[in-house]
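Please read these notes with the coordinates open beside them. They are set out point by point.

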Amino acid sequence: MSKMMRSHNKNQNIPSEPEEMFSALSLFDGVSKREKRVLLSSVKKTMFAPGVILFKKNDKPKNLWIVFDGIIHLRSPHPEKKENITVMSMITGDFLLPAAVVTRQPYLLEAYCASAATMLQIDANIIDVLCSLHSSFARIMLEYVAKQFRNYINQTSCYYHCSGSQRLFCYLVKLSIIQDNRKKVVLPHSKSLVAAELHMTPENLSRIITRFRGEILEVNGSEIVILNYAQLISLCGHIRA
C-alpha cells in the first residue's frame with residue numbers, strides 16, 4: 001500500500017463517500033482548508049471492473065485519477081506484439097500520471113484496471129487553477145510528480161545495473177506486495193511479455209526459472225509459488241547471472 005494513504009484495518013469498511021475517501025489521502029494534509037474545499041467540490045468516486053481502460057495513450061487528461069482501492073497497470077504497446085507491456089503498477093494512494101495533468105499534455109501510457117478498482121477523479125481544470133493561484137498546492141503537485149519520476153528512473157536504472165536473476169526476483173517481490181501474498185503471485189501477462197518488461201529474452205527468463213525451480217520457486221502456468229520468501233528478498237541484491 002502506498003504511504004500516501006493512511007493505513008486502515010482490512011476488516012474495516014472502505015469509506016463510501018468521496019469526502020471520506022479524499023480525507024484519507026495524506027498527500028493533501030498540507031493543503032489549506034480553502035483549497036481542500038475547492039478540490040472536494042469536484043472529486044467523485046467511480047468503481048470499475050477488471051479489464052476496463054481508464055484512458056489510452058495520447059488521450060488528453062480530463063481528470064486527475066487517484067487509486068483508492070485496486071491495482072492499475074500503466075501500459076505501453078509492445079513494438080512487435082499486439083499485447084501491451086506493463087511499465088508501472090499503481091496501487092492504493094497512487095496518482096495516475098499527474099505530470100500529464102499538470103502540464104496538460106497527452107498521456108504517454110494507457111491505464112488498465114488489472115483488478116476491480118475504486119478511483120477518485122478530480123477535474124483537471126480545478127487542478128490547473130489551483131496550481132496557477134496557489135504556490136503551496138503547486139509545490140505539493142510538483143513534489144509528487146518529481147517523486148514518481150525518480151521512482152521510475154530508479155526502476156529503469158535497475159534494469160541496466162542488476163542481473164537477470166535480480167530483476168526477476170525484485171519483480172516477484174513487487175508483485176507479492178501488490179497482490180498482498182507472500183506465498184504465490186500471478187503473472188499479470190504472458191511470460192514473453194514479462195521477459196520484455198524485465199529487459200531480457202524469453203529464453204533467458206526460462207533459464208533463470210529453471211535454475212531456481214524447486215529451491216526458490218515453482219511454476220504452475222501463470223502462477224508462481226514462492227517457496228522461500230526471505231531468501232527471495234535476499235537474492236534480489238546478491239545473485240549474479
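1. Helices here are DSSP runs of H or I with at least four residues, strands are runs of E with at least two, and both are numbered from the N terminus. The model is predicted: local features need pLDDT of at least 70, side-chain atom pairs count only at pLDDT 80 or more, and totals for chains, interfaces and linings use all residues. Residues are numbered from 1 along each chain as its sequence is written, and side-chain values use heavy atoms, with hydrogens and water left out.

2. Helix α6 itself covers residues 164-178. The expected span of a helix is 1.5 Å times one less than its number of residues. For the 15 residues of α6 this gives 21 Å, which agrees with the 21 Å between its end C-alpha atoms.

3. Is α6 enclosed or open? Because 12 of its 15 residues are buried, α6 is largely enclosed by the rest of the structure. Buried means under 20% relative accessible area, exposed over 50%, and partly exposed in between (1.4 Å probe, protein chains only). The buried residues of α6 include Gly164, Arg167, Phe169, Tyr171 and Ile178.

4. An open antiparallel sheet of three strands has the order β8-β10-β9. Strands β8 (184-186) and β9 (217-220) are at the edges with a single partner strand each, so one side of each has no neighbour in the sheet. Neighbouring strands are turned by 20° against each other on average, direction ignored. Helix α6 packs on this sheet and touches β8, β9 and β10, its direction making about 90° with that of β8. Contact means heavy atoms within 4.5 Å; axes are lines fitted to C-alpha atoms, for helices over the stretch in contact, and angles run from 0 to 180 degrees between N-to-C directions.

5. Strands β8 and β10 (residues 223-226) are antiparallel and joined by three bridges. Lys184 stands opposite Val225 in β10. Two strands are taken to pair if DSSP finds at least two bridges between them.

6. Another open sheet has four strands in the order β2-β6-β4-β5, with antiparallel pairing. Its edge strands are β2 and β5 (84-90), each pairing on one side only. The twist averages 35° from one strand to the next. Strand β2 (residues 53-55) is joined to β6 (residues 110-113) by two bridges, and Ile53 stands opposite Tyr112. Four bridges link β4 (residues 72-77) to β6; Leu74 stands opposite Ala111, while Ile72 has Cys113 as its bridge partner.

7. The largest nonpolar core has 37 residues, of which Leu54, Phe55, Ile72, Leu74, Leu96 and Met119 touch the most other members. Strand β3 (residues 63-69) gives the most to this core, with five residues. Apart from it lies another core of 25 residues, including Val173 and Leu205. A nonpolar core is a set of buried Ala, Val, Leu, Ile, Met, Phe, Trp, Tyr and Cys residues joined through side-chain atoms within 4.5 Å.

8. Leaving aside neighbours within four places in sequence, Leu74 is in contact with residues including Phe55, Val87, Leu96 and Leu109.

9. For the whole protein chain, nine helices and 10 strands are found. Buried residues make up 44% of its 241 residues. Of the contacts with a separation of 6 or more, 70% come from residues 24 or more positions apart.
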